[in-house]
Amino acid sequence: MNSKPKILIVDDRPENLFALRTVLKDLDIELVEATSGNDALKATLRHDFALALLDIQMPEMDGYELAGILREEEKTAHLPFIFISAVYTDNLNVFKGYEKGAFSFITKPFQPEILINKVNFFISMYQHEQALFVLNDELENKNKELESFSYSVSHDLRAPLRHINGFVDLLLSRFYDTLPDKARHYLDNIADSSRQMGVLIDDLLQFSRTGREEIRQTELDMNSIVHEVLETIKKDNPKRNIEWRIATLPGVYGDKALLSLVWINLLSNAVKFTRTREKSIIAITVLDEKDEFVFAVADNGVGFDMQYAQKLFGVFQRLHPTNEFEGTGIGLANVHQIVLRHGGRTWAKAEPDKGATFYFSLPKNKYHE
Amino acid sequence: MNELRTILLAEDNQKDVELTLEAMAENNLANQVVVVKDGVEVLEYLRYEGKYKLRKAGNPAVILLDIKMPRMDGIEVLRNIRSDAALKRIPVVILTSSREEKDLINTYELGVNAYVVKPVDFQQFIEAVKQIGSFWAVINELPPEGGL
């Protein structure tokens, strides 16, 4: 933002406008003057204002009425006001919509320093806000670029992979009998690797989709989400001896599909990494903190060395060899991304061979974006 | 049942062409397959232009259309076909690597008949080609050309 912040001053008396102009002349701002409420409304159509100084007592439309109208318009709904009144008035209720934006009062005759100070305060607030908007835009663009990059890369990677699979398959099906054992073995390896790469690409695609999908937050019962997820996991692991210890969970505000994915990943991880135990014990608990709920999934599985804990939530990070525990290492990256997008955090505690506990928090404030 | 009409395959990648033809052969699909390399050639074929000036008359039973192609992409081809009175009823099946939402929405809005994402696994791809071929080139009935 290179242009000077614009300030709207509204007063029906030219001598008052002159006084305001004089007081504010040394500030690095652009003044736009209006002598009536209607004039002021017209000016808001042409300019983007950082602040409005409104005289309260004006004929036809007074300062409160004008402020009320400005609050109704989308463009000026959050425009801060400084009301200028001859006598200190506390009949604030005549100004509708004061809760939407900041405002202040000053009574005439005012000391120039006080007005300058108030104006400067609102201007710096405005400039910070503008700087944040710009940063936000940049960030959003960067994110979009990154997402469309990873998405198109994943897609373009698929085509050659499909070709490798296709021709290996043709080779094996048409010439299997004439191939020496070594050649078959090599082809099996090629097929295996390309299958693996296919899974990696699919996981990457899903991760990228999770990151850009819009979050649809509603009130949710965590108990029913966890129980739904649990049903699926039990069906997928019919032969396992698992003791589930599940606390009563609170209601939260979040995206059902995404939070289900969090539980699917955490619970199936717990099931996977307790596979070597005769009896798996998996506990789901919750801590009711001041501003957030902290959910935890604790297991009695193989655990891991805390030295590598910071790697856990990265994309394609694995702490165990594939031949011991399968997986691409995308699950916890998804968990991390989803929780982060809900305004929460993820972390873990573990010890080799002594189980692991995975935590995630969700803020209680349902208006969190 | 239809007489065996042509299948028009629009695909710029030679390896994809080869695999698709192999998959059709695996499925004993007897229809003649005409392969074109991009969107411009699709329209030339359909409109009897360029090297297709003297081809045998008749629309294909189905067009298998890739999205990403040089010169003119699949979306643009589809738009052209659907706004051409002589071509607009030809069944068009998108056969692509892309599951991109935007492509799905665009092609359906333009009146595509089906959208198939090529499976990475070749056996699944053979199965997909079998389904597409038997449905669109054998089972499906077409309206008379030229209309009522």
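How are α4(A) and α5(A) oriented to each other, roughly parallel or roughly antiparallel?

**View 1. Helices α4 and α5 of chain A in a predicted model.** The axis of α4 (residues 112–175) of chain A comes within 9 Å of that of α5 (residues 181–212) of chain A, and the two cross at roughly 155°. α4(A) and α5(A) are therefore roughly antiparallel (angles over 145 degrees count as roughly antiparallel, under 35 as roughly parallel, 65 to 115 as roughly perpendicular and the rest as oblique). Axes are lines fitted to C-alpha atoms, for helices over the stretch in contact, with angles from 0 to 180 degrees between N-to-C directions. The crossing of α4(A) and α5(A) is left-handed, meaning that the near helix is turned anticlockwise from the far one by less than a right angle. Helices (H or I, at least four residues) and strands (E, at least two) are DSSP runs, numbered from the N terminus. Residues are numbered from 1 along each chain as its sequence is written, and chains are lettered from A and ligands numbered from 1 in the order in which they are written. In this predicted model, local features need pLDDT of at least 70 and side-chain atom pairs count only at pLDDT 80 or more, while totals for chains, interfaces and linings use all residues.

**View 2. Residues between α4(A) and α5(A).** Residues of α4(A), including Y151(A), L161(A) and L172(A), meet residues of α5(A), including L187(A), M197(A) and R212(A) (contact: C-beta atoms, placed from the backbone, within 7 Å). By class, this contact has 14 nonpolar, seven polar and three charged residues (Ala, Val, Leu, Ile, Met, Phe, Trp, Tyr, Cys and Pro count as nonpolar; Asp, Glu, Lys and Arg as charged; the others, Gly among them, as polar).

**View 3. Contact of chain A with chain B.** Eleven residues of chain A are in contact with twelve of chain B. On the chain A side, α4(A) supplies the largest share, ten residues. That side has three nonpolar, five polar and three charged residues.

**View 4. The largest nonpolar core.** Of its 37 residues, A10(B), V42(B), I63(B), L64(B), L65(B) and V93(B) touch the most other members. A nonpolar core is a set of buried Ala, Val, Leu, Ile, Met, Phe, Trp, Tyr and Cys residues joined through C-beta atoms within 7 Å; buried means 20 or more other C-beta atoms within 10 Å of the residue's own, with C-beta atoms placed from the backbone. α5(B) gives the most to this core, seven residues.

Methods: Contact = placed C-beta atoms within 7 Å. Buried ≥ 20, exposed ≤ 12 C-beta atoms within 10 Å, placed from the backbone.
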